[in-house]
Amino acid sequence: MRSAKKGKTAKKGKKRSLPVLFVVLVLIAVVGVETVRVFGQINQAQKQEADLHMQVEQMEQENAALRSDISRADDPEFIKELARQRLGMAEQGERIFYDVNH
């Protein structure tokens with residue numbers, strides 16, 4: 001009789017361990033999927049950070065150029081050059097030639 005009880009106890013232990021094993025495997029799968037998702041979000045955030053950093057650098061360069069222009073606002077030669085470049089103006093007696101090939 002003792003040997004019959006040991007067999008039943010061993011079978012009950014295996015039957016109980018299958019649901020526990022299933023729950024553990026499901027938890028591992030869920031944690032794995034969430035981990036992959038989080039790493040994807042981190043990677044995307046790092047790319048976005050790099051893009052924003054580049055935009056900041058470009059804006060800082062643009063600001064530096066504008067500050068330089070503002071500091072030369074009282075320079076008549078600078079004003080004349082701006083008028084030539086942006087407005088297509090010329091001084092009296094000056095000739096402008098346009099390159100039509102390019």
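A salt bridge here is a side-chain nitrogen of Lys or Arg within 4 Å of a carboxyl oxygen of Asp or Glu. Arginine 72 and aspartate 69 meet that definition, with their side chains 3.7 Å apart from N to O. Before we go on, please keep in mind that this is a predicted model, in which local features need pLDDT of at least 70 and side-chain atom pairs count only at pLDDT 80 or more, while totals for chains, interfaces and linings use all residues. Residues are numbered from 1 along each chain as its sequence is written, and side-chain values use heavy atoms, with hydrogens and water left out.

Let us start with the overall picture. The protein has two helices and zero strands; helices (H or I, at least four residues) and strands (E, at least two) are DSSP runs, numbered from the N terminus. Of its 102 residues, 2% count as buried, where buried means under 20% relative accessible area, exposed over 50%, and partly exposed in between (1.4 Å probe, protein chains only). The protein exposes about 10100 Å², and carbon and sulfur atoms supply 61% of that area. Accessible areas come from the Shrake-Rupley method with a 1.4 Å probe; for residues, only the protein chains shown count as cover.

Helix H1 covers residues 2–71 and includes isoleucine 28. Isoleucine 28 counts as exposed because its relative accessible area is 54%. Together with Leu18, Val20, Leu21, Val24 and Leu25, Ile28 forms a nonpolar patch on the surface, with about 570 Å² of accessible area in total. Patches are made of residues with over 30% relative accessible area and no salt bridge, where like charges are joined within 9 Å and nonpolar side chains (Val, Leu, Ile, Met, Phe, Trp, Tyr) within 5 Å.

Now for helix H2, residues 76–87. At 1.5 Å a residue, its 12 residues should span 16 Å, and its end C-alpha atoms are 16 Å apart, so the two values agree; the expected span is 1.5 Å times one less than the number of residues. Just after H2, glycine 88 takes a positive phi of about 70 degrees.

What about charged contacts? Side chains of opposite charge can pair when their charged atoms come close. A search of the whole structure finds six salt bridges. One of them joins the side chains of lysine 80 and glutamate 91 (3.7 Å, N to O). This pair links distant parts of the chain, with lysine 80 in helix H2 and glutamate 91 in the segment after H2, 11 residues apart. Glutamate 91 also forms a salt bridge with arginine 84, their closest N and O atoms being 3.0 Å apart. Salt bridges that share partners join Glu77, Lys80, Arg84, Glu91 and Glu94 into one network.
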